[in-house]
Amino acid sequence: MWEQIRSNQMRSVILVIAMAVLLILVGYFLGLYFFGSGTGGLIVALIVWAILNMVGLFRGDNILLSIAKAKKISRDDHPRLYNVVEEMKIASGLEKMPDIYIIDDPALNAFATGRNPDRAAVAVTSGLLQKLNRDELQGVIGHEISHIRNRDVLLMAMCSILLGSIVILSWYASRMMFFSALTGGRRTSSSSGGGSAQLIILALALLLVILAPIAAQMIYFAISRKREYLADASSALYTRYPEGLASALEKLGASTGQLKSANKATAPMYIINPFRKKGMAASDLSSTHPPISERIRILRAMAGASPSDYDQAYRQVYQKGNKGVIPASALAAGAVSFRAAAPQAREKEPDETQRKRETSDVLWKLHKYNTISCECGTRLRLPPGFKGNRVRCPHCGRTISI
């Protein structure tokens, strides 16, 4: 996948330049409108662009994890999840174990972020951990690990920061222009060409303020769809069991929960589009992701687990003839056979009730609740900062010293 890694690095540079052009144009025309000087606005836009790039490069992953309200866990917190991530890390050839985060949200979703494979993280929702069995969880984690290995994470982190900044700048600029118009606007200098020039500048500034966020999203989303196919193909290779990811995508697509922490800037980072109408399953129509049903059909049409098998299945589903989606360098890999599904009894696979209890215990711990046990077997959760020295068991009535 080195061809894809180089391609992502080049697209990162192109995307940053494209976003910079949009910021500079917005800054230039807003400078003309508010200060009578396009140069002043240009300088401000360049400074903002430089700062945003530094923030996106060095702090982008932390910002995105903070927006998602993700909490970091260790092996002891959730051994099953940690082991699955470790398995996919080994299968993918990553040298460093990514950090693992849990998002306290019943919606089913996951994403990866980070500057590079040495500083990367995988985040999954609590709903995902409760609903997916080991094979399905492996498929999802394999998909996210591939984004780390293929350097998608830096690309998408910087996109999220820059897109969000353009949207915010345009939003505030439009309100300032509206307020300025209500109060009579700024006085036009003689060098501005009079009232007609002022109206032209105002029209151009308004047009750019409206179109810049749309153009930025189009640039952002244009690179999002293809990388999802590549990540699905990589997951099939790492797990040697495409049905695991296909089954997981079915559950994710059928879920009706809305991911509360997602926004338009971060949506393309998730394994499926986090936006949907309340109480409805995910739709195939998504600007950020390929249709879920077709991703599932491709995975289930694979004759083997290699990238070439995925490429052939992709061409079969989309009837593309010789036009595939996998880079040519990856197609040279040899055949990879399927593995059998994990034997649930031997692996002591927890059922959904046990997975809910397992996930609930982790969330209580992450939120710093103190757990105490009564002799009758009841487990009590005490909130952080509980001041009492003893508590009464609601089941047996015993008084428990803390």
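Which residue in E4 stands opposite alanine 110? I will come to that after the overall numbers.

This is a predicted model, in which local features need pLDDT of at least 70 and side-chain atom pairs count only at pLDDT 80 or more, while totals for chains, interfaces and linings use all residues. Residues are numbered from 1 along each chain as its sequence is written, and side-chain values use heavy atoms, with hydrogens and water left out.

The protein chain has 15 helices and eight strands; these are DSSP runs, H or I of at least four residues for helices and E of at least two for strands, numbered from the N terminus. Of its 402 residues, 50% are buried, meaning under 20% relative accessible area with a 1.4 Å probe, protein chains only. The accessible surface is about 19,300 Å², and carbon and sulfur atoms hold 59% of that; the areas come from the Shrake-Rupley method with a 1.4 Å probe.

Now the sheet. Four strands make an open, mixed sheet, ordered E1-E2-E4-E3. Strands pair if DSSP finds at least two bridges between them. At the edges are E1 (70-73) and E3 (110-116), each pairing on one side only. Neighbouring strands are turned by 25 degrees against each other on average, direction ignored; axes are lines fitted to C-alpha atoms, for helices over the stretch in contact, and angles run from 0 to 180 degrees between N-to-C directions.

E3 and E4 (residues 119-125) run antiparallel, joined by six bridges. Back to the opening question: valine 124 is the residue opposite alanine 110.

Finally, helix H3 (residues 60-67) lies across E1, E2 (99-103), E3 and E4, at about 160 degrees to E3. Contact here means heavy atoms within 4.5 Å.
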